[in-house]
Amino acid sequence: MRKEFSNRLETALSSIRAQTDFVADLALVTGTGLDGLIAEIEVESKIPFGEIAGFPVSTAPSHKGEFVFGTLKGRKIIAQSGRFHLYEGWVGEDIVLPVYTMRALGAEKYIVTNAAGSLNADYNVRDVMLIEDHINFQGVHALAGPNDDQLGLRFPDMSRAYDPDLCKAAMEATSSLGLNIRNGIYAAIHGPEFETSAERRFLRMAGGDAVGMSTVQEVTAANHAGMKVLGFSAISNSATGGPDQQPDTLEEVLENTAISANIIVKIIMQMLDDGAL
Ligand code: HPA
């Protein structure tokens with residue numbers, strides 16, 4: 001990160017602190033079509049990104065662009081509604097600024113959701129995948145450049161990027177609800193184009209179960225900042241690149257995501273009831 005990043009973070013925090021003294025337990029970032037969990041929050045206040053000095057403002061479809069501060073099942077939560085993507089032209093630092101901001105506001109756990117295409121032919125559209133690990137094929141690493149030791153280590157450990165205890169608790173919550181989900185590896189590409197069929201077959205061979213255009217920069221930063229990460233993908237389209245591969249459309253992605261999103265909400269609410277978050 002550039003040296004100026006720390007100043008940018010301080011400036012953003014001052015803007016927020018001028019409006020609220022909220023201290024968070026949890027941070028949440030929701031992907032395309034996944035705002036349902038935010039609707040469950042007992043809202044205390046909201047701050048649009050446009051009112052936070054130095055913050056990017058999202059252009060992605062169905063992304064709002066605000067922090068929501070409130071309580072979810074008694075836990076203090078900051079939700080980032082609307083995230084920033086490389087495909088919009090944002091750079092790594094823009095994408096991870098909200099992560100360090102939420103960490104500085106107290107959050108120790110980072111919950112991430114996204115929409116993703118299934119590379120694994122056993123998966124069905126509308127499934128939910130618990131993200132057990134990721135592969136960064138975006139060609140961008142937000143931490144590149146001078147390291148601010150106040151924020152985290154120069155070489156952050158990523159061997160347990162998605163917290164194993166949170167993953168276990170998620171699977172327990174899922175079975176207590178009588179639901180079935182997948183667990184797998186999220187492969188991230190830059191976008192904005194959906195992958196070619198050959199790329200999809202390559203990503204599958206490389207170990208990916210689902211593919212998307214987000215998440216990995218934020219999760220890297222969350223690990224750098226010392227947060228425990230829990231992640232879910234809503235499987236919105238089939239992306240195996242096989243002979244039966246259908247063309248991809250945003251409409252299909254949104255329609256299917258809405259269905260998986262309900263399952264993700266249930267699991268997270270159950271984890272909160274279980275005291276796992
Ligand atoms: N590829 C990349 N990103 C995505 C996809 C996909 O198939 N589906 C939803 N986001």
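1. Let's start with the helices: α1 passes α3 in a right-handed crossing. Bear in mind as you look at it that this is a predicted model.

2. How do α1 and α3 pack? Helix α1, which covers residues 4-17, sits at an angle of about 55° to α3, and the two axes are 10 Å apart. That angle makes α1 oblique to α3, because angles of 65 to 115 degrees would be needed for roughly perpendicular and under 35 for roughly parallel.

3. If you want to click through the contact, α1 brings Phe5, Arg8, Leu9, Leu13 and Ile16. From α3 come Glu93, Asp94, Val96, Leu97, Tyr100, Thr101 and Ala104. Sorted by type, the residues where α1 meets α3 are eight nonpolar, one polar and three charged.

4. On to the charged pairs. How many salt bridges are there? The count comes to 14. I've picked out a few below.

5. Arg2 and Glu4 join their side chains in a salt bridge, with N to O at 2.9 Å.

6. Next, have a look at Arg83 and Glu218, whose side chains form a salt bridge with an N to O distance of 2.9 Å. Arg83 is in the loop between β4 (75-81) and α3 (92-104), while Glu218 is in helix α6 (residues 216-224), so this pair ties together parts 135 residues apart in sequence. Are these two buried or exposed? Both Arg83 and Glu218 are buried.

7. Finally, Glu255 and Arg126 make a salt bridge through their side chains, at 3.3 Å from N to O. Here Glu255 belongs to helix α7 (residues 250-273) and Arg126 to the loop between β5 (109-118) and β6 (128-136), so the pair ties together parts that are 129 residues apart in sequence. Arg126 has a relative accessible area of 34%, so the residue counts as partly exposed.

Key
Residues are numbered from 1 along each chain as its sequence is written. This is a predicted model: local features need pLDDT of at least 70, side-chain atom pairs count only at pLDDT 80 or more; totals for chains, interfaces and linings use all residues. Side-chain values use heavy atoms; hydrogens and water are left out. A salt bridge is a side-chain nitrogen of Lys or Arg within 4 Å of a carboxyl oxygen of Asp or Glu. Helices (H or I, at least four residues) and strands (E, at least two) are DSSP runs, numbered from the N terminus. Buried means under 20% relative accessible area, exposed over 50%, partly exposed in between (1.4 Å probe, protein chains only). Axes are lines fitted to C-alpha atoms, for helices over the stretch in contact, and angles run from 0 to 180 degrees between N-to-C directions. Angles under 35 degrees count as roughly parallel, over 145 as roughly antiparallel, 65 to 115 as roughly perpendicular and the rest as oblique. A crossing is left-handed if the near helix is turned anticlockwise from the far one by less than a right angle, and right-handed if clockwise. Contact means heavy atoms within 4.5 Å. Ala, Val, Leu, Ile, Met, Phe, Trp, Tyr, Cys and Pro count as nonpolar, Asp, Glu, Lys and Arg as charged, and the others, Gly among them, as polar.
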